Amino acid sequence: MSWKTEDFGFFVSRREGVDLLAIGGDKRNRADPLRLVVRVVGTATGAAGGARPGASTPLPDAVRCFEIGVYRSDVVVDDVDCPRRTPLRFPGPPRFPARIVERLRDTLPRQADPAKVRQAVSRLDLDRRITQEITVRDGTIGVALREGVDGTCLYARVGAGRVEVWHPYRIVPGGDDVESCRAVGAALGYFERANH
């Protein structure tokens, strides 16, 4: 899983003193990197003519704009003219609703029927940005739900007349925590020591 444009947008737009004016592209493509245009407003002070030593006078705000190109392993920053645009706003990262563990456990069917499992997950009416993955492995259904790019992972496993739901460990020895939140891991019962 990689950061989406809206993830970058939220991260940048909540920086104090920075206005995000434009965003687009894809950092995975060298020919078309993720590009952001930001406006930064700064203030400075200068010595006041004829004033006592140490006194200063506020200067007008300094407004500068930059285009930032974000590549897979590089960032390029260039000065640009400031466009006349309203700053962009992005919603915060997606979050699971309250009591998601209990709700998922109560909603999932006891039989390993992929169609009924998908219907049960859809009835939870989760934020569309929550990643949902469902798979079947050796007659057991695994469900993996994740709150955005770096949020909490939730596993569920349906099979043999049982439903299990748990949060796997956030740190996976020898692996990438983001990539570890996969439905196959849920189907195989990985990291059940964090079981709820």
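**A histidine and its surroundings**

Reply: The side chain of His167 reaches the backbone oxygen of Cys153, at 2.8 Å. That distance comes from a predicted model. His167 itself is in a loop, the one between strand S10 (162–166) and helix H4 (177–180). Buried or exposed? His167 has a relative accessible area of 18%. The limit for buried is under 20%, so His167 counts as buried.

Now the strands. The structure holds one aromatic pair. Tyr155 and Trp166 form it, edge-to-face. Their ring centres are 5.5 Å apart, with 80 degrees between the planes. Tyr155 belongs to strand S9 (residues 153–159) and Trp166 to strand S10, so the pair ties together parts that are 11 residues apart in sequence. Both Tyr155 and Trp166 are buried.

One further ring deserves a mention. The charged end of Arg15 sits over the ring of Phe11, 4.6 Å from the ring centre.

Then the whole chain. Five helices and 10 strands make up its secondary-structure elements. Of the 196 residues, 35% are buried; His167 is one of the buried residues. Take the contacts between residues at least 6 apart in sequence: 52% of them join residues at least 24 apart. The chain exposes about 11,700 Å². Carbon and sulfur atoms supply 49% of that area.

Back to the starting point. His167 is a buried loop residue, and its side chain reaches the backbone oxygen of Cys153.

Technical notes. Residues are numbered from 1 along each chain as its sequence is written. This is a predicted model: local features need pLDDT of at least 70, side-chain atom pairs count only at pLDDT 80 or more; totals for chains, interfaces and linings use all residues. Side-chain values use heavy atoms; hydrogens and water are left out. Helices (H or I, at least four residues) and strands (E, at least two) are DSSP runs, numbered from the N terminus. Buried means under 20% relative accessible area, exposed over 50%, partly exposed in between (1.4 Å probe, protein chains only). A polar contact is a pair of N or O atoms within 3.5 Å; within protein, one must be able to donate a hydrogen and the other to accept it, and residues adjacent in sequence count only if both atoms are side-chain atoms. Contact means heavy atoms within 4.5 Å. Accessible areas come from the Shrake-Rupley method with a 1.4 Å probe; for residues, only the protein chains shown count as cover. Rings of Phe, Tyr and Trp (its six-membered ring) pair if their centres lie within 6.5 Å; planes under 30 degrees apart count as stacked, over 60 as edge-to-face and the rest as tilted. A charge sits over a ring if NZ of Lys or CZ of Arg is within 6 Å of the ring centre and within 35 degrees of the ring normal.
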